[in-house]
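The entries below follow the order in which I looked.

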Amino acid sequence: MLRRIVVFLVCCSLCGFAQSKRPFTFEDMMQLKRIGEPIVSPDGKWAAFTAVDVNLDENTRKPHLWIVPISGGEARCLTPATEAGEDRIRFSPDGKRVLFESSHDGASQIWVQDFDSASGTLTGESRKVTSISTEASGGLWSPDGKSILFVSEVYPDCKDDACNKQRDEEQAKSKVKAKVFTQLMFRHWNHYFNGKYSHLFLVSPDGGVARDLTPGAHEVPPFSLGGQDQYQFSPDGREVAFTSNIDEVQATSTNSDIFLVPTAGGAPKKITTNPGSDDTPMYSPDGKYIVYRSQLRGGYESDRFRLMLYERAAGKIGDLAPNFDRWVDSMAWAPDSKTIYFTAENEGEAPIYAINVIDPQPWPQELVAGFNDSPTPTPDGKTLLFDRMSVAAPNEIYSASLLFPQCRMAVPPNAYSIPDCLLSRAQQVTNLNGSVLAQIQMQPLENFWFTGAAKEKVQGFMVKPPNFDANKKYPVKFLIHGGPEGAWGDDWSYRWNPELFAANGYVILMINFHGSTGYGQKFIDAINGDWGGAPFHDLMMGLDYAEKTYPFVDKDRECALGASYGGYAINWIEGHTTRFKCLVSHDGMFNTESAFGTTEELWFNEWEFKGTPWTNREMYRKWSPHLSATNFKTPILVVHGQLDYRLDVSEGFQLFTTVQRLKIPSKMLYFPDEGHWVLKPQNSRLWYQTVNDWVDQWTKGK
């Protein structure tokens, strides 16, 4: 009897704990720390990283440096909570100093401070290394610790910093703000070209005049939205490998190449001849090789990223995994220079793989399951550090043993099922967001498969609302991803967060239609020239499958939402089906011909629509949503940012003008200070409020 009472009390306690958890809110999301990649100390004792704090009231995001013992223990902030914050920590080769970026004096510069590895603390005062007027970022130590490599945007015809400073001051003081353009790519992403190019500089850790290592009118490194460094020292410190695109017409070229330049100075040497993109050069620790990523087809930003190996002595290049039909993402060398660890998206996850350089197996070995990034081995080669996320939790740092028992199994090409005994067990190293997440009722990502276009298998995902009851009917938010060569998966997003969309009582459905990544290059290429074809059919067939399979899905209360290509898909849906109660189109292409004339990365449009509007007008008009305006009927919310130069704000204005003239219930949310993404915290709050209110209005009658 006593045992029954104890069990009853325990069960009641657990029930009460579960019920005490509440739905996710925007304010909860803003409390979460945004954790960056792990940086391992040379002695293998510590992992340092950046964590970004969001202050919703101040409308700011500030990075700070953190550290955690790899063997286990609490993470703690390395630096005091300063107004400017600090970012991008890197240990010196001897482990006695660190460098980082900060704007303590009002401009981004490189700073150095002593580090005590015994206690894992910074000691003494930080010292500013750079004082360049054009600011400094992306710092790297040379292998001997006697110099620091960094990036700064400069005028290519200026011979010193005084010239750059004078030029900037003259432009700032000038009453004339007009610009004269003589080439394309006169604006990019969210800013206009100002005559400057990013260059690599060398400077002593003690300060002094920085030396331009890559002079000229080319970007080194080229523009990037994230990912690993596009430059690295050789192990002997005598040269630097870097990525650059030197094609004459940048707007139509994806042809970045790998170059080598002596640190003593001299002309760079190009080592790649591939017409597509070659990037992310990484020297092996023994200096024999450079590994990098490569896309074979020029002009196509969504070709497969292959794992390529350059043998320095012989000048020979080879494909390490020619049969691996997935995109190689972040990479790292093993300390013994025999193995490369890398991540690659696969069916909603991003596992960590390993491949032997000396004797590469036909198929890379999967080491760690889950959605992972930034694999980093410890110096002894026994442990792998990485960051991991899921749909229910943002990035935290994890570790996994590299010395684990494996079962014997041949893994043939195109076979992705891995027995559990092959996978290393991941251990969580940091838990900075645990206290916030412990209060939230998050739902796991569930996946389903169905037969889509061309009778091929297509994967979909679902997130259920908090306090889900299978006996109830729930309205649906049908999310459509961008890219179009992107994908939904078990990962975290602050801009389109499925958990936050589900929190106010919605089932979230997502389809990885033809064109999505993680299913092989043929599946990706299927969208080229077929934007409103197979992908649209996949979306509709996936929704049909969910409606028939899950009785809790209310097919009479569905709203579709999408951004970028997802916004295009919403615009296409507007003219081709009336099954949705409402639509949300964020930064979507509305008129394919006008979008060509107002975008900057012309290679994208020319590849996807197989030419220009004057060489293949039929293709542009075939897939242009604006030509189906006579069929528009569904209430629609239009969202666009003034600083979006990938898909110009005029696309949003054209759509809103059209639906208003057709007297379709509609609203426009316009951001004068945002680009393709809504990034400012208070703007993000308004975005979620406006989008969710719009959906509630049409699916819940609010």
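**Salt bridges.** I found Arg 297, Asp 303 and Asp 525 linked in a network of salt bridges. This is a predicted model, and a search of the whole structure gives 25 salt bridges. I then looked up three further pairs.

I took Glu 239 with Arg 312, where the closest N and O atoms of the salt bridge are 2.9 Å apart. Glu 239 belongs to strand E17 (residues 239-244) and Arg 312 to the loop between strand E22 (306-311) and strand E23 (316-319), so this pair ties together parts 73 residues apart in sequence. Is Glu 239 buried or exposed? I read a relative accessible area of 15% for Glu 239, which is buried. Arg 312 has 24% and is partly exposed.

I went on to Arg 306, which forms a salt bridge with Asp 319, with 3.0 Å between the closest N and O atoms. Arg 306 sits in strand E22 and Asp 319 in strand E23, so the parts tied together are 13 residues apart in sequence. Arg 306 is buried at a relative accessible area of 18%, and Asp 319 is partly exposed at 25%. The cut-off for buried is under 20%.

I also noted a salt bridge between the side chains of Asp 279 and Arg 293, at 3.1 Å from N to O. Asp 279 is in strand E20 (residues 278-283) and Arg 293 in strand E21 (residues 289-294), so the pair ties together parts 14 residues apart in sequence. Both Asp 279 and Arg 293 are buried.

**Strand E7.** How many of the residues of strand E7 are buried? I counted six of the six in residues 97-102, so E7 is largely enclosed by the rest of the structure. Arg 97, Leu 99 and Glu 101 point one way from E7, while Val 98, Phe 100 and Ser 102 point the other way.

I checked the neighbours of E7 next. Strand E6 (residues 86-91) pairs with E7 in the antiparallel sense over four bridges, and Asp 87 has Glu 101 as its bridge partner in E7. E6 and E7 make a hairpin with five residues between them, and Gly 95 in the turn has a positive phi of about 75°.

E7 and strand E8 (residues 109-116) are also antiparallel, pairing over six bridges. The bridge partner of Phe 100 in E8 is Trp 111. Six residues lie between the strands in the hairpin of E7 and E8, where Gly 106 takes a positive phi near 100°.

I looked up the second largest pocket, which has a volume of about 350 Å³. It is lined by 21 residues, and the closest to its centre are Lys 159, Asp 160, Asp 161, Phe 201 and Ala 210. Strand E11 (148-154), helix H3 (161-173), strand E14 (197-204) and strand E15 (207-212) are the elements that each give two or more residues to this lining. E15 contributes the largest share, five residues. I sorted the lining by class and got 11 nonpolar, five polar and five charged residues.

**Cavities.** I found three cavities of 30 Å³ or more in the structure. The largest cavity has a volume of about 40 Å³. Which residues line the largest cavity? I listed Asp 325, Arg 326, Trp 327, Glu 345, Thr 517, Gly 518, Gly 520, Gln 521 and Ile 524. By class, this lining divides into two nonpolar, four polar and three charged residues.

Conventions. Residues are numbered from 1 along each chain as its sequence is written. This is a predicted model: local features need pLDDT of at least 70, side-chain atom pairs count only at pLDDT 80 or more; totals for chains, interfaces and linings use all residues. Side-chain values use heavy atoms; hydrogens and water are left out. On a 1 Å grid over the protein atoms alone, a cavity is a set of points where a 1.4 Å probe fits but cannot get out, and a pocket is an open set with protein on both sides within 12 Å along at least five of seven lines; lining residues have an atom within 4 Å of a point. Grid points are joined across faces, edges and corners, and a volume is the space filled by probe spheres set on the points. Ala, Val, Leu, Ile, Met, Phe, Trp, Tyr, Cys and Pro count as nonpolar, Asp, Glu, Lys and Arg as charged, and the others, Gly among them, as polar. Buried means under 20% relative accessible area, exposed over 50%, partly exposed in between (1.4 Å probe, protein chains only). Two strands pair if DSSP finds at least two bridges between them. A salt bridge is a side-chain nitrogen of Lys or Arg within 4 Å of a carboxyl oxygen of Asp or Glu.
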